[in-house]
Amino acid sequence: MPATQKPMRYGHTEGHTDVCFDDSGSCIITCGTDGDVRIWEDLDDDDPKSINVGEKAYSCALKNGKLVTAVSNNTVQVHTFPEGVPDGILTRFTTNANHVVFNGDGAKIAAGSSDFLVKVVDVMDCSQQKTFRGHDAPVLSLSFDPKDIFLASASCDGFVKVWQVSDQTCVISWPLLQKCSDVINAKSICRLAWQPKHGKLLAVPVEKSVKLYRRETWSNQFDLSDNFISQTLNIVTWSPCGQYLAAGSINGLIIVWNVETKDCVERMKHEKGYAICGLSWHPTCGQIAYTDAEGNLGLLENVCDPNRKMSSSKVSNRAEKDYNDLFDGDDTNNAGDFLNDNAVETRSFSKGITNDEEDDDDLMLASGRPRQRSHILEDDENSADVTVLKTGSSFLKEEEADDQAGSIHNLPVATSQRPFYDGPMPTPRQKPFQSGSTPLHLTHRFMVWNSIGIIRCYNDEQDNAIDVEFHDTSIHHATHLSNTLNYTVADLSHEAILLACESTDELASKLHCLHFSSWDSSKEWIVDVPQNEDVEAICLGQGWAAAATSTLLLRLFTIGGVQKEVFSLPGPVVSMAGHGEQLIIVYHRGTGFDGDQCLGVQLLELGNKKKQILRGDPLPLTRKSYLVWVGFSAEGTPCYVDSEGIVRMLNRGLGHTWTPICNTREHCKGKSDHYWVVGIHENPQQLRCIPCKGSRFPPTLPRPAVAVLSFKLPYCQTDTEKGQMEEQYWRSVMFHNHLDYLAKNGYEYEESTKNQAIKEQQELLMKMLALSCKLEREFRCVELADLMTQNAVNLAIKYASRSRRLILAQRLSEVAVEKAAELAATQAEEEEEEEEDFRKKLNAGYSNTSTEWSQPRFRNQVEEDTEDIGEADDTEEKPEIHKHGENSFFKSASSSDMPTIKSGAVTSSNQGRINPFKVSGNSREPAISVNSVRSANILDNMNKSSKKYTALNRATSYEESPVIKPLVPKPKSKQASAASFFQKKTSQADRTEEVKEENPKNSSCETPAVCPENTGNQRPKTGFQMWLEENRSNILSDNPDFSDEADIIKEGMVRFRALSTEERKAWAAKAKGGTASDGAEEKKRKRVIHESHETENQKEQTKENLNLPKKQKPLDLSTNQKLSAFAFKQE
């Protein structure tokens, strides 16, 4: 059985960390720069005992119930074990001690200090001390001879010395190390070690090899090395039997050799490549505990199992264990096959250059090592070197053989491999995972943590159970479930709990749903998937559940357990998530190289009209990262997080691309700290996550606290005012795209949110325009105007004219004309589409009237048609000015059929005749309300009425304010009229007279959808509309409780359909024939009303059309002056 590498965990704060086992091997003891000694029962111990021994602890040693530590206050202290009670100070130095070790029987300790001294102290009687002087620099490490005769030491002066303990004399000294001034500058801490039991050999890590010296003769017997060692070795430790030697390097590589055969038997790579600074072999079994220079603790298990043959052919491929709980070990074979051709060819080269008696070993190496090489993820200058074959000391069978000769002998083997493959290596595939879960090997783990609640799993000696907790207990109370089937994945929604387990020899893989929101008494169902198929990922949506299996199938179920569609996935699933009708699936679309994952994503909508939004597009990840979380924001936008802390969100406004919205690493204090994401909110903009100190995931106990991070798009120069406003603007646009999606799919949402977003965006654009004006970037001003609504462009024109930038004002006027023409053309197309669509629906008979017409957001039968059409191509909001924020540059657009910004309102015909460069007190000029004197920002008055307003509410809310209509009478060309909006008039009187002539034609209603009876500039009335006008009183008399226009229309539709075909055709003909005369009568009536009283007009118009707006109140001169000075107040 090959060795296994368990995922590392946080042990101490960043810095040098030491580790050792207790005498029985039942505990792991670590110390670090936080000054704590921690006692771990095992690597999964979530609550280790902690003993504070000082400000910093540099080294620890344990024997016979005595815990000795070298502390930053220049002392060597003793504590009882495991109680942790202080038991005195053994010795002191003038500076801090760097290393402490026990002798064989635990009676003495040796300590080496930065004051160049080595001391040996009796543990029971600290007065018995011996001091060893001879080093000329700080002492790095020490090792006691098992027979207590010799003591070895390494120092920053470059020498390794062996001392006679009895008389404190130096027996031998080797200049092996690189000289340095202090421990922190040392390339290696050179933790040397004597061979256990007889102490025949002393192992010293020197550069990229381990030198072994024979006792008494002090000759260099041989060196242990390996071609995978690319950086200096830092530490060595012996197995208790003395047969194996382990070494750790400064780039995180751990190598284990069989000293007798000089073969490398294990290789492991640190997850992050941090320096190994602590290494300890379990006293009785094949475990190695190790720590790194960042304070993390790791464990290797099943190292050098005596039951398996220890030959080079058995070298285990350990690279994928760097990601033991992350990547799929099953892919080992595939990656190995990648280089099978090399392995076949290697035999001939090996035989040509090796001795006959070594053929067997070499051939085993040749076939084994390419597989090993294919999984090394490290990408440094050595990653592509030709070290595909092991060419180390296994060629030398005699201990006395010269190691250098062996190295020369091996050179041709390495060179011979270069022609075969020297390119990028495939990356092991990431294992499937559930977002919001912690690793499977933990005894106490989170199965899922999302916006609904938390599911915990406890699997220890006492209990094997699952606890479900809801954030909102009104959804459901907390639940405790037994876990007899060993469920490994779970998901939670406001409707159900979904669990799945893997198959066993006796049982099939199962999908178990607890549908707690069901109204019947049977609230559970279980499905067995077919044999040889395992559920690997699951998720819940609104009314459905999904499960992806190992056979590349995705199975859909209703929440009640009915099997629905089944389809194949293009690759092995990585993770899934659901929200409402949306399902996102991430899978392996191929093999990644050089540490990159190759993932694809599918996004489906599972509503009545099932469709695929993303069709297997590549999922962008940071280089050398992997996926750690995928899901939806609370508003339903797909998001995901990679291992480098980059959060990305789907940008629906840019062709379904992925945009980075946050880098959690920027919020981390330490390199080993991470944020564990549990939820994303777009309004308010919040990233909800759990800070994890020195770990990628939180423990279950104590309960983690959720932190909230802000979003920030990675724009350039965000330290400048311009960069900040650009980032804020585009973040606002992106984080409100979901409103368009909700509106398009028929969901309700808060109109105030959208109004506020438009206001913020236009304010930012105006500020950026003002800043560009100051910097004399007039071309940039025009570019910004392209992003503005029609209203904001008109404000920009005034700002430019007041700033004496007449050329800019002229350019902005051209932009305004273009926007007017575009809008006129767009609305003309919409009118035709609406008319055609409305007639189609009339002829179809509306079989689903109860659902189509009962929605409060539909205000009348024509607007219902417009709802689906008006949102298709819009990208910007249409703001509305209420009575107390009236500005004639603004179009009062309150219907929900145009909810986006780009198709902003067009200036009306009477307004278009105003000279934008002339300051005038005329009431027709743009002005804010007198009531808004205290507002320094005219954009505060930009709003959009609620989508949920009924026609009655709107008609009564705009008292005496004629709403500007952007369309001119039909006989006139729309483009010509749009252009004429900005033509200059010579006299104020002429303009006033012209307004009176045009007003009956143009100022009738807000949008075509809202006022269908206005035939002067709208499409002709339909037969149903004319019929409804005549029969409205009958409907109201039969149904006096009808207060909503929608109810009247519904009843009218029912009665109209009951008419015979001939009658309906007659009404249609009547409508077509009466169009022209109706228009003339309408004009006459309005002209008479304007010359006389308005009271009678209000009654007549309200009766005919509840949507007809009222007369505008004139505004005084001071108000117009305030508007003219708006741009300067902004500053």
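In the predicted model, glutamate 1051 and arginine 1055 stand four residues apart in helix α18 (residues 1045-1058), and the two are therefore separated by about one helical turn. Their side chains meet in a salt bridge, with an N to O distance of 3.1 Å. Glutamate 1051 is partly exposed, at 22% relative accessibility, and arginine 1055 is likewise classed as partly exposed, at 25%.

This pair belongs to a wider set of charged contacts. Side chains of opposite charge can pair when their charged atoms come close. A search of the whole structure returned 27 salt bridges. In one of them, the side chains of aspartate 145 and arginine 215 meet at 2.7 Å, N to O. Aspartate 145 occupies the loop between β14 (139-144) and β15 (150-155), while arginine 215 occupies the loop between β20 (209-214) and β21 (220-225), so the pair ties together parts that are 70 residues apart in sequence. Aspartate 145 has a relative accessibility of 0% and therefore counts as buried, the cut-off being under 20%. Arginine 215, at 9%, is buried as well.

A further salt bridge is formed by lysine 211 and aspartate 223, whose closest N and O atoms are 3.0 Å apart. Lysine 211 is in strand β20 and aspartate 223 in strand β21, and this pair links distant parts of the chain, twelve residues apart. Both lysine 211 and aspartate 223 are buried.

Helices α8 (778-787) and α10 (806-844) each supply at least two residues of the patch. The largest share, three residues, comes from α10. Glutamate 783 is located in helix α8. With a relative accessible area of 44%, glutamate 783 is partly exposed.

Individual buried positions were examined in relation to the course of the chain. Glycine 32 is in the loop between β3 (28-31) and β4 (36-40). Its relative accessibility is 0%, and glycine 32 therefore counts as buried. The C-alpha atom of glycine 32 is separated by 9.7 Å from that of threonine 291, although these residues are 259 residues apart along the chain. Lysine 119 is part of strand β12 (residues 118-122). At 13% relative accessibility, lysine 119 falls under the 20% cut-off and therefore counts as buried. A separation of 9.6 Å was computed between the C-alpha atoms of lysine 119 and valine 100, which are 19 residues apart along the chain.

Backbone geometry was considered next. Most residues other than glycine have a negative phi, and most peptide bonds are trans. A cis peptide bond is present between phenylalanine 81 and proline 82, with omega of about 5°. Proline 82 is placed in the loop between β8 (75-80) and β9 (86-92). Leucine 701 and proline 702 are also joined by a cis peptide bond, with omega of about -5°. Proline 702 is in the loop between β50 (686-692) and β51 (707-709).

Positive phi values in residues other than glycine include those of asparagine 64, near 55°, and glutamate 776, about 60°. Asparagine 64 lies in the loop between β6 (57-63) and β7 (66-71). This asparagine 64 is partly exposed, its relative accessible area being 48%. Glutamate 776 is found in the loop between α7 and α8. With a relative accessible area of 59%, glutamate 776 is exposed.

Notes:
Residues are numbered from 1 along each chain as its sequence is written. This is a predicted model: local features need pLDDT of at least 70, side-chain atom pairs count only at pLDDT 80 or more; totals for chains, interfaces and linings use all residues. Side-chain values use heavy atoms; hydrogens and water are left out. Buried means under 20% relative accessible area, exposed over 50%, partly exposed in between (1.4 Å probe, protein chains only). A salt bridge is a side-chain nitrogen of Lys or Arg within 4 Å of a carboxyl oxygen of Asp or Glu.
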